[in-house]
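Here is a short briefing on one protein model. Please keep the structure in view while reading.

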Amino acid sequence: MTAMSARGLHIQCRDEPGVLHQLTGEIAAAQANVVTVETGTRHQGVVNIYFELDGPDIDGIAAHLRAQPYVIACSEPRPFDRIFGSRLIVIGGGAQVAAVASGAVQEADRHNIRGERISVDTIPLIGEAEIAEAVRAVPRLPRARALVLAGSLMGGEIADAVREIRALGIPVISLKQVGSVTEAADLVVSDPLQAGGDGGDGIARTARFDLDRVRGQSF
């Protein structure tokens with residue numbers, strides 16, 4: 001989870017071996033902690049690298065990096081937590097994903113108007129192995145806070161994957177459907193719009209909805 005005190009550094013540098021090692025070495029030497037690191041687009045020998053750092057002198061680190069020969073530019077944008085915020089992930093069948101995403105976006109909009117930052121990411125998939133792989137990848141997504149499974153038949157390896165990511169702190173809401181995934185999820189909701197809305201409510205700091213209080217129930 002991104003620390004609220006973290007500061008962002010967006011660095012454009014030469015796309016060559018060892019540059020990331022040099023950058024992290026400079027950051028470590030300044031006694032800063034790397035909270036987030038992501039690589040962005042590559043174009044004509046230039047790579048974009050984004051850090052979120054927690055430390056005593058981020059301005060000094062930025063100034064020092066700008067002086068390095070392998071750094072082309074270094075800016076200090078607002079951290080992603082303040083821009084895109086917490087992410088709700090929706091995975092499943094196409095029609096169900098669209099309905100769940102609609103409910104999630106409407107609920108996110110309600111909270112974002114009040115100063116919250118919630119973004120919704122969706123991917124329509126079919127196939128037990130493909131969906132299970134995507135579920136297991138959710139904890140690796142930056143700022144992912146919850147998952148909604150939108151489908152009509154999910155079980156087996158998908159249910160195993162749900163249990164794995166719940167153990168890592170990612171709550172899972174499932175549509176009411178055939179298969180053992182409903183037994184593995186935190187909450188089962190029959191209406192897709194409501195499922196998306198509950199997902200948004202569940203990760204909003206401004207909401208009164210508490211997923212812990214309804215865990216294990218079906219609506």
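A residue counts as buried when its relative accessible area is under 20%, as exposed when it is over 50%, and as partly exposed in between. Asp 201 has 13% relative accessibility, so Asp 201 is buried. The model is predicted.

- Four strands make up an open sheet, ordered E2-E3-E1-E4, with antiparallel pairing.
- Strand E2 (33-43) and strand E4 (71-75) are the edge strands; each has a single partner strand, so one side of each lacks a neighbour in the sheet.
- From one strand to the next, the twist averages 20 degrees.
- Strand E1 (residues 7-14) pairs with E4 in the antiparallel sense, over four bridges.
- Within that pairing, Gln 12 has Ala 73 of E4 as its bridge partner.
- E2 and E3 are also antiparallel, and eight bridges join them.
- Thr 36 stands opposite Glu 52, a residue of E3.

**Helices on the sheet**

- Which strands does helix H1 touch? Helix H1 (residues 19-29) packs on the sheet and touches E1, E2, strand E3 (46-54) and E4.
- The direction of H1 makes about 25 degrees with that of E3.
- Helix H2 (residues 58-66) lies across E1, E3 and E4. H2 runs at about 5 degrees to E1.

**A nonpolar surface patch**

- Leu 20, Val 34 and Val 37 make a nonpolar surface patch of about 210 Å².
- Leu 20 belongs to helix H1.
- The relative accessible area of Leu 20 is 39%, so this residue is partly exposed.

- Side chains of opposite charge can pair when their charged atoms come close.
- The structure holds 13 salt bridges.
- Glu 107 and Arg 110 form one of these, with the closest N and O atoms 2.4 Å apart.
- Both residues sit in helix H4 (residues 94-112). Glu 107 and Arg 110 are three residues apart, which is about one turn of the helix.
- Glu 107 is buried, because its relative accessibility is 13%. Arg 110 is partly exposed, because its relative accessibility is 36%.
- Arg 110 also meets Asp 201 in a salt bridge, at 3.5 Å from N to O.
- What does this second pair tie together? Asp 201 lies in helix H8 (residues 192-203) and Arg 110 in helix H4, so the pair links parts that are 91 residues apart in sequence.

**Other salt bridges**

- Arg 136 and Glu 164 form a salt bridge whose closest N and O atoms are 2.8 Å apart.
- Arg 136 is in helix H5 (residues 128-137) and Glu 164 is in helix H6 (residues 157-167), so this pair ties together parts 28 residues apart in sequence.
- Arg 136 is partly exposed, with a relative accessible area of 27%. Glu 164 is partly exposed as well, at 38%.

**A buried serine**

- Ser 174 has its place in strand E8 (residues 172-175).
- Is Ser 174 buried or exposed? Its relative accessibility is 0%, so Ser 174 counts as buried.
- Which residues does Ser 174 contact, leaving aside its neighbours within four places in sequence? They are Leu 149, Val 181, Thr 182, Ala 185, Leu 187, Val 188 and Val 189.

**Positive phi outside glycine**

- Gln 31 is not a glycine, yet its phi is positive, at about 65 degrees.
- Gln 31 lies in the loop between H1 and E2. With 63% relative accessibility, Gln 31 counts as exposed.
- Gln 44 likewise has a positive phi, near 50 degrees, in a residue other than glycine.
- Gln 44 belongs to the loop between E2 and E3. The hairpin of these strands has two residues between them.
- Gln 44 counts as exposed, because its relative accessibility is 72%.

How values were computed
Residues numbered from 1 in each chain as written. Predicted model: local features only at pLDDT ≥ 70, side-chain atom pairs only at ≥ 80, totals over all residues. Heavy atoms only, no water. Pairing = 2+ DSSP bridges. Axes fitted to C-alpha atoms, helices over the stretch in contact; angles between N-to-C directions. Contact = heavy atoms within 4.5 Å. Patch = residues over 30% accessible without salt bridge, like charges linked within 9 Å, V, L, I, M, F, W, Y side chains within 5 Å. Areas by Shrake-Rupley, 256 points an atom, 1.4 Å probe, with all protein chains shown as cover. Salt bridge = Lys/Arg side-chain N within 4 Å of Asp/Glu carboxyl O. Buried < 20%, exposed > 50% of the residue type's maximum accessible area, 1.4 Å probe, protein only.
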